[in-house]
Amino acid sequence: MKTDTDKRLVLLHPNDNIFVCCQTISAGESVVLEGESLVIHSDIHVGHKLARCDIALKEKIIKYGASIGSAKASIQRAEHVHLHNIKSDYMPSYQRSGVVDDNLVQTKAEEK
Amino acid sequence: MKAWLRKDGRKGIRNVVVVGYLVECAHHVAKTIVNKADSPDVQLIGFPGCYPNDYALKIMKAICTHPNVGGAVLLSLGCEGFNREQLSETIADSGRPVETLVIQQNGGTRSTIEKGLQAVADIKTKISHAEKVDMAIDELIIGTICGGSDGTSGISGNPGVGYCFDRLVEENAACIFEETGELIGCEQVMIERAATPELAREIDDCLLKAAHYYEVLGYGSFAPGNAEGGLTTQEEKSMGAYCKSGDSQIVGLLKPGDIPPTGGLYLLDVVPDGEVRFGFPNISDNAEIVELIACGCHITLFTTGRGSVVGSAISPVIKICANPETYKNLSEDMDVNAGKVLEGSATPQDIGDEIYQLIMDVAAGKLSKSEELGHQEFILTYKYFEPVGPACLPTATHR
């Protein structure tokens, strides 16, 4: 059983392809993900997500066992998962600097 | 717990005098009366618009006859569109003392403030003698909302509230969750929990309406702080927020100002009906708290990750902090440290039990942190709603 994972990371649902960070992890640190030691390339703050496995372009991101959006770039295991590599299937997210959206993935309305 | 019995049979855990302005032009006079009265039991509410609005009238009626309210002083400039006569009549019919002061007919600012202060003092005296009676858990209505969510909210604070809600629902209290715009993406999981197929259809329609509304407006409820806290998409925020509802069956769908007819778990639809008008459904968290209170909530459970300090007039707000780092920064404002879950020293269920106990204490008179700090935020804006359909409410068996 691949249970050996850094205590700072939590898996919310067995089907999830991301971990959630409970305590800040700094760039350059090594963390153990399900038995494998990997180097983290950017700071991961509390509440942020880390890829549990490699995730292909357009693949769904699964958290709480449910889809929370799609990959807009291919994502490597242990990489930070956030606005730069995933997007909503419903509506754009926005930051103070403006709307983050690249229309890579169809909206829910278009699918229906 | 002991509570104030009102004429309609509902019971209040506070005995507040509200001072309400019926147009922005009367705001200063109302605010000055509240400031000079200088009492936690005298609170400012109001509606700023000059044009009449059925929704605003309904909410003001619901707030002024809320079980936590003992009496009201209304401040009108005189020429605004708000139906002050109907509001005053509703309050009087509910057995509460009410005084309406029209500034144009009372000699202006200074003398209206003096008369208002006298009216507040008279009402306080009148309602101070009211006897308190026993109140049972199944007479409580508890609401929940989240604000300043981050990636921790869905792990600690919101599941904690979910456990607490399940416990309350089991004891036949009424529990209300809301933010339909922040449940976009949870349609499927949510309709599976509806008590009847007809209610499931109503919930699905209500989520579609929310998605359409936000699409027209160009922004979802996703705020910059959410992203800084690790949330990336609307549906991720929604799934986290959804945990607050626990696992109970959903027995009904309410609109702002509707009182739950029975115990059980209710969804509150906060997104207006009809074409998109008047702007964003709720311009800030405070507007949602006002709507929960208008549905009769005695207490609101407010979960936050980034940190929020708000409270509310009329019904106590209990603040549940999901993020241990935020808790360290804002501990004076937080009632419950759900961040212990992330540090491994508590489970979401422990947090749920802690919240449950705090509800009992606050209902019995203990002040929540935001009450102690004097928070009385209140905001009410224009909206349009049609009444809920017949499939939305369970048949009344009590309350």
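This is a predicted model: local features need pLDDT of at least 70, side-chain atom pairs count only at pLDDT 80 or more; totals for chains, interfaces and linings use all residues.

Reader: Let's start with chain A. How many helices and strands are there in it?
Author: Chain A has 1 helix and 11 strands.

Reader: OK, chain B now. Which UniProt domain annotation covers residues 138–383?
Author: The record, an unreviewed entry, has "domain: D-galactarate/Altronate dehydratase C-terminal" for that stretch of chain B. In the model, residues 138–383 of chain B are 37% helix and 13% strand, and the end C-alpha atoms lie 31 Å apart.

Reader: I keep looking at β9 in chain B. Which way do its side chains point?
Author: β9(B) spans residues 174–177. A174(B) and I176(B) point one way, while C175(B) and F177(B) point the other way, and all of them are buried.

Reader: What does β9(B) pair with?
Author: Strand β8 (residues 141–146) of chain B runs parallel to β9(B), joined by 4 bridges. There, T144(B) sits opposite F177(B). β9(B) also pairs with strand β11 (residues 264–268) of chain B, again in the parallel sense and over 4 bridges. In that pairing A174(B) is opposite G264(B).

Reader: Switching to helices: how many residues of α9(B) are buried?
Author: 9 of its 9, with the helix running over residues 234–242 of chain B. Among the buried ones are Q234(B), E235(B), E236(B) and K237(B), along with M239(B) and Y242(B).

Reader: What about the surface? Which residues form a nonpolar patch there?
Author: Y219(B), F280(B) and I283(B) do, with about 270 Å² of accessible area together.

Reader: Where is Y219(B) found?
Author: Y219(B) is in the loop between α7 (197–217) and α8 (224–228) of chain B.

Reader: Why does Y219(B) count as partly exposed?
Author: Because its relative accessibility is 33%, and partly exposed is what lies between the buried limit, under 20%, and the exposed one, over 50%.

Key:
Residues are numbered from 1 along each chain as its sequence is written. Chains are lettered from A and ligands numbered from 1 in the order in which they are written. Side-chain values use heavy atoms; hydrogens and water are left out. Patches are made of residues with over 30% relative accessible area and no salt bridge: like charges are joined within 9 Å, nonpolar side chains (Val, Leu, Ile, Met, Phe, Trp, Tyr) within 5 Å. Accessible areas come from the Shrake-Rupley method with a 1.4 Å probe; for residues, only the protein chains shown count as cover. A salt bridge is a side-chain nitrogen of Lys or Arg within 4 Å of a carboxyl oxygen of Asp or Glu. Helices (H or I, at least four residues) and strands (E, at least two) are DSSP runs, numbered from the N terminus. Buried means under 20% relative accessible area, exposed over 50%, partly exposed in between (1.4 Å probe, protein chains only). Two strands pair if DSSP finds at least two bridges between them. UniProt positions are given in the numbering used here, feature names are shortened, and annotations may be inferred rather than shown by experiment.
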